[in-house]
Amino acid sequence: MNIEQMKARKQELGYSYEMIARMAGVSIATVKKIFGGEVQSPRYDTLQKLESVFSQPLPSKVREVEFKYDVSDHSYTAEDYNTFPEYAAIEIVNGKIYPKYPSDKPKESRYKSMTFHQLASDTKNGSYTYEDYEGFPGDLRVEIVRGYIYALAAANTAHQLICGDLHVQIYGYIKANGGQCVVGQAPYDVCLFEDGLTTVQPDVYVV
């Protein structure tokens, strides 16, 4: 099915751009550009997704359509976000969809009321995991590296100024070069390696 045939089916079925986007799993901006003629040669996989829409049963409401999205599409907007179901734990950064950090309440942990010194002298020190880290008292600024707990000292003025400048420089470089990376600053938990034994709070990080 080519674009002109899809346009005809769109009119016949009365589909809105919102419905097509949700059913195909692509952004509304992408749908508008393709059906509006702004994009002359859409990606083949995108065309396949759009074509599949017209073979699906007509949904009674767009919000009842199964939630799906295209990880390679960088044109998602606030308009798309407003159509996503509440259960979709996602956020949009620079036009791309990312899973949102889980908001579930952490499980009760035996570490919850422990001090740093108690945690450091605990028999588990040396094999702490991210799951343990989540159970540490919220007022402790710590990291775990290869299972060992380390206290984080408060940053001094020079440290903060350097980190702030690094953030600005890296962010500016990414924006100027059309990059899709996201740059952020501490405090933010970054779990390194699949074994879960290292969770740190980098001064500046790029994802």
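1. In this predicted model, a salt bridge joins Asp45 to Arg43, and the closest N and O atoms of the two are 3.0 Å apart. Asp45 is partly exposed, with a relative accessible area of 31%, and Arg43, at 38% relative accessibility, likewise counts as partly exposed.

2. A salt bridge also links Lys124 and Asp132, where the closest N and O atoms lie 2.6 Å apart. Here the two partners fall into separate classes of accessibility: Lys124 is partly exposed, having a relative accessible area of 25%, whereas Asp132 is buried, with a relative accessible area of 10%. The assignment of Asp132 follows from the cut-off, because buried means under 20% relative accessible area.

3. Within helix H1, which covers residues 3-13, Lys7 forms a salt bridge with Glu4, and their closest N and O atoms are 3.5 Å apart. The two residues are three apart in H1, so about one helical turn separates Lys7 from Glu4. Lys7 counts as partly exposed at 25% relative accessibility, while Glu4 is exposed, with a relative accessible area of 54%. For Glu4 the class again follows from the cut-off, because exposed means over 50%.

4. How many salt bridges does the count come to? The rule asks for a side-chain nitrogen of Lys or Arg within 4 Å of a carboxyl oxygen of Asp or Glu, and by it the count comes to seven salt bridges, among them the pair of Lys7 with Glu4, that of Asp45 with Arg43 and that of Lys124 with Asp132.

5. Turning to the helices, the axes of H2 (residues 17-24) and H4 (residues 44-53) come within 8 Å and cross at roughly 110°. Angles from 65 to 115 degrees count as roughly perpendicular, and H2 and H4 are therefore roughly perpendicular to each other. The crossing in which H2 passes H4 is right-handed.

6. Which residues of H2 and H4 meet? From H2 the contact takes in Ile20, Met23 and Ala24, and from H4 it takes in Lys49, Leu50 and Val53. Sorted by kind, the residues in this contact of H2 with H4 comprise five nonpolar and one charged, with no polar residue.

Note on methods
Residues are numbered from 1 along each chain as its sequence is written. This is a predicted model: local features need pLDDT of at least 70, side-chain atom pairs count only at pLDDT 80 or more; totals for chains, interfaces and linings use all residues. Side-chain values use heavy atoms; hydrogens and water are left out. Axes are lines fitted to C-alpha atoms, for helices over the stretch in contact, and angles run from 0 to 180 degrees between N-to-C directions. Helices (H or I, at least four residues) and strands (E, at least two) are DSSP runs, numbered from the N terminus. Angles under 35 degrees count as roughly parallel, over 145 as roughly antiparallel, 65 to 115 as roughly perpendicular and the rest as oblique. A crossing is left-handed if the near helix is turned anticlockwise from the far one by less than a right angle, and right-handed if clockwise. Contact means heavy atoms within 4.5 Å. Ala, Val, Leu, Ile, Met, Phe, Trp, Tyr, Cys and Pro count as nonpolar, Asp, Glu, Lys and Arg as charged, and the others, Gly among them, as polar. Buried means under 20% relative accessible area, exposed over 50%, partly exposed in between (1.4 Å probe, protein chains only).
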